[in-house]
Amino acid sequence: MTTLSEITIEAEAAILDEAEQHRTPARQSTAAHPDMTIDDAYAVQAAWVARKVARGRRVVGHKIGLTSRAMQQAMKIDTPDSGVLLDDMVFEDGDDIEAAAFIDPRIEVELAFVLAEPLAGPDVTVTDVLDATAWVVPAVELIAARTWRVDPETGRSRTVVDTIADNAADAGIVTGGRPVRPDAVDLRWVGATLTRNGVIEETGLAAGVLGHPARGIAWLARRYADHELRLESGQVILAGSFTRPVPVVAGDTFAVDFGPLGSFGVNFV
């Protein structure tokens, strides 16, 4: 249920937009609106995305977060969250990315699903997701925080509501390796290592994402159906991380090895 007025929702979107553009974290949305709901947060997210689209950005996909049980327990929530991918968030294997362009950047290891067909409706299943997918691609997500993770003055940690309003912390996507058809491998057993500056920082299996990486995408399609929206053909859907987020600083070089699905890298300058 949305409780904030349209004026307040637009004002919160403007705060997030300014924080990102000036690369300075803003106060948490719930610090000003402690009774803010998850529906309010998604309304703020949508208003912020609309601002970017009005400036010429284009929606190319979506991300799903909070897919592991441990993260859901930490955030006191029992469902994932989601954000929107825009065209200026897309990076390629080997790119040099400016670390200072993001606030408190981190990366996570994921699988990205490229849709061949739209997904819509209240009863979308994992099978439906696999049938609608053209390719599954190794990926990492770049996340950032436009509001304080921990407010330096009050010590207050941001909540899942703050994160959702902040476009689910979405900041970018890097893909590489070898795309595969969704029925070519058992996606639950796709594994990867994440190496930073020659040291393995994280390893994981895609089964850590709700038991199957397609499950979060089915959840998102059903949630969108409640708002008469759908996931479109051609869109890229980040299915959720199966590693912990690793902090990024300028000078870091990351390599991601998906074994049979190949490897790729990205540099932060």
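Is Ser 241 buried or exposed? With a relative accessible area of 10%, Ser 241 is buried, where buried means under 20% relative accessible area, exposed over 50% and partly exposed in between, with a 1.4 Å probe and protein chains only. This is a predicted model, in which local features need pLDDT of at least 70 and side-chain atom pairs count only at pLDDT 80 or more, while totals for chains, interfaces and linings use all residues. Residues are numbered from 1 along each chain as its sequence is written, and side-chain values use heavy atoms, with hydrogens and water left out.

Ser 241 sits in the loop between strand 10 and strand 11 (246-247); helices (H or I, at least four residues) and strands (E, at least two) are DSSP runs, numbered from the N terminus. Leaving aside residues up to four places away in sequence, Ser 241 touches Thr 67, Glu 108, Val 109, Glu 110 and Val 209, contact being defined as heavy atoms within 4.5 Å.

Turning to the whole protein, the fold contains 7 helices and 13 strands. Its radius of gyration is 18 Å, close to the 18 Å that the globule rule gives for 269 residues, so the protein is as compact as a globular protein of that length. Here the radius is taken over C-alpha atoms, and the rule is 2.2 Å times the number of residues to the power 0.38. The C-alpha trace spans about 50 × 45 × 35 Å along its principal axes. Of the 269 residues, 50% are buried. Among contacts with a separation of 6 or more, 77% link residues 24 or more positions apart.

Charged side chains come next. There are 24 positive and 40 negative ones, and the centres of the two sets lie 2 Å apart. Lys and Arg count as positive and Asp and Glu as negative, without His and the chain ends, and each charge is placed at NZ of Lys, CZ of Arg, CG of Asp or CD of Glu. A search of the whole structure gives 17 salt bridges, each a side-chain nitrogen of Lys or Arg within 4 Å of a carboxyl oxygen of Asp or Glu.

In one of them, the closest N and O atoms of Glu 10 and Arg 51 are 3.9 Å apart. Glu 10 belongs to helix 1 (residues 6-22) and Arg 51 to helix 3 (residues 38-54), so this pair ties together parts that are 41 residues apart in sequence. Both ends are partly exposed, Glu 10 at 38% relative accessibility and Arg 51 at 30%. Another salt bridge joins Glu 201 and Arg 196 at 2.9 Å, N to O.
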